[in-house]
Amino acid sequence: MDITRTLAELKKDPGFAENVGMTLIHNGTVRGWSRKNRQEVQAIRVRHDYDKIESIRKELEQNEGIYRIITEAYEGDFKPGDDVMYLIVAGDIRENVKATLAELLDRIKSEAVTKEEIFA
């Protein structure tokens, strides 16, 4: 995802200026160590349930104050430092946007992502 281009396109929406006071972006990247035991990770294999991600996105886009949610997730084998997911939440005030981004990320990770770590 080209963040600059995506934000520029989002800002062209007719209702953006009237409805958005905050835009938060999550850029998920591959860590070089395992969350479980901090063991060095050589790579990860990621699979997504794209229908579930879209369902979660649509549901949370209905949250109070949320103008738009954009998701982009990549599948395959990745090495530390690679991008694997982008989430953008645009909305009225920080309380609404922060809470929605947190829920979006947590739900996608728990409900729609399968990840296998490959150790060095």
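This report covers the fold, the nonpolar cores and the aromatic pairs of a predicted model.

**Overall layout**

The protein contains 4 helices and 6 strands. Read from the N terminus, its elements follow the order α-α-β-β-α-β-β-β-α-β. Along the principal axes, the C-alpha atoms fill a box of roughly 50 × 25 × 25 Å. Contacts that link residues at least 6 apart in sequence include 73% that join residues at least 24 apart.

Of the 120 residues of the protein, 36% count as buried. The exposed surface comes to about 7,200 Å², and 46% of it is supplied by carbon and sulfur atoms. On the charged side, there are 19 positive and 23 negative side chains, and the centres of the two sets lie 4 Å apart.

In soluble globular proteins, nonpolar side chains tend to be buried together. Here the largest nonpolar core has 21 residues, and those touching the most other members are I44, I69, F78, L87, V89, L104 and I108. Two or more residues of this core come from each of β2 (41-48), α3 (50-60), β3 (66-73), β5 (83-91) and α4 (94-111). Another core, of 6 residues, lies apart from it and includes L10, F16, V20 and I88.

Leaving aside residues up to four places away in sequence, I44 touches V30, G76, D77, F78, V84, K115, E116 and E117.

**Aromatic pairs**

The structure holds 2 aromatic pairs, listed below.

| Pair | Centre distance | Plane angle | Geometry |
|---|---|---|---|
| F16 and Y67 | 6.2 Å | 80 degrees | edge-to-face |
| Y74 and Y86 | 6.3 Å | 80 degrees | edge-to-face |

The ring planes of F16 and Y67 stand at 80 degrees, and the pair counts as edge-to-face because that class takes angles over 60. F16 sits in helix α2 (residues 16-19) and Y67 in strand β3, so this pair links distant parts of the chain, 51 residues apart. F16 and Y67 are both buried, and F16 is also among the members of the core of 6 residues.

In the other pair, Y74 lies in the loop between β3 and β4 (76-78), while Y86 belongs to strand β5, so the pair ties together parts that are 12 residues apart in sequence. Y74 has a relative accessible area of 25% and is partly exposed, whereas Y86, at 7% relative accessibility, counts as buried. The two fall into separate classes because buried means under 20% relative accessible area.

Notes:
Residues numbered from 1 in each chain as written. Predicted model: local features only at pLDDT ≥ 70, side-chain atom pairs only at ≥ 80, totals over all residues. Heavy atoms only, no water. Core = buried A, V, L, I, M, F, W, Y, C linked by side-chain atoms within 4.5 Å. Buried < 20%, exposed > 50% of the residue type's maximum accessible area, 1.4 Å probe, protein only. Contact = heavy atoms within 4.5 Å. Areas by Shrake-Rupley, 256 points an atom, 1.4 Å probe, with all protein chains shown as cover. Lys, Arg positive; Asp, Glu negative; His and termini not counted. Charge placed at Lys NZ, Arg CZ, Asp CG, Glu CD. Phe/Tyr/Trp six-rings, centres within 6.5 Å; stacked < 30°, edge-to-face > 60°.
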